Amino acid sequence: IKQGKPEILVLDKFQNWELAVSKSKCVKLVVFPDKKPDRWCIQTGRDNLEVFGSDRISFPHHWRGLSDTNLALVTEISDSVFCHTGGFFAVAKTKSAAIDLATKTLNYKGN
């Protein structure tokens, strides 16, 4: 867990984290490397793995469905790649950009 931000879990390699995070209620977002090289994922933690939509937090509505330049302009994070229309998943080019997107999501007043 990133020090000073217990709501963001940062993994340096992919591992099955969903069950552990569903039990650890403080984690809202998980940052982990994508299967594609040079990309990092950010996914919301869920309270109940059996219930789709039980996300603890969502990415801001005005980010959803955007990608590349459009997402980078809205988030003000140049390495932004994609935000899912459902608001539960996003991708960035770098680990630091992924952490920045997660942090902005936590600080967004619409959540």
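**Exercise 1. Classify the exposure of Phe 14 and Phe 32.**

Start with Phe 14: its relative accessible area is 46%, so Phe 14 is partly exposed. The classes are set as follows: buried means under 20% relative accessible area, exposed means over 50%, and partly exposed lies in between (1.4 Å probe, protein chains only). Next comes Phe 32, which counts as buried because its relative accessibility is 6%.

A word on the model before we go on: it is predicted, so local features need pLDDT of at least 70 and side-chain atom pairs count only at pLDDT 80 or more, while totals for chains, interfaces and linings use all residues. Residues are numbered from 1 along each chain as its sequence is written, and side-chain values use heavy atoms, with hydrogens and water left out.

**Exercise 2. Describe how Phe 14 and Phe 32 pair, and say what the pair ties together.**

First, the rule: rings of Phe, Tyr and Trp (its six-membered ring) pair if their centres lie within 6.5 Å; planes under 30 degrees apart count as stacked, over 60 as edge-to-face and the rest as tilted. The count by this rule is two aromatic pairs. One of them joins Phe 14 and Phe 32, with 5.5 Å centre to centre and 65° between the planes, and is edge-to-face.

Now locate the partners. Phe 14 sits in the loop between β1 and α1 (18-23) and Phe 32 in strand β2 (residues 29-33), so the pair ties together parts 18 residues apart in sequence. Helices (H or I, at least four residues) and strands (E, at least two) are DSSP runs, numbered from the N terminus.

**Exercise 3. Work out the sheet, strand by strand.**

Begin with the order: five strands form an open sheet, β1-β2-β3-β5-β4, with mixed pairing. Two strands pair if DSSP finds at least two bridges between them. At the edges are β1 (8-10) and β4 (80-83), each pairing on one side only.

Then step through the pairings:

- β2 and β3 run antiparallel, joined by five bridges; Val 31 has Ile 42 in β3 as its bridge partner.
- In the hairpin of β2 and β3, six residues lie between the strands, and Asp 38 takes a positive phi near 65°.
- β3 and β5 are antiparallel too, with four bridges, and Cys 41 stands opposite Val 91 in β5.
- β4 and strand β5 (residues 89-92) pair in the antiparallel sense over three bridges, where Cys 83 stands opposite Ala 90 in β5.

**Exercise 4. Is strand β3 largely enclosed or largely open?**

Count its buried residues: four of the five in β3 (residues 40-44) are buried, so the strand is largely enclosed by the rest of the structure.
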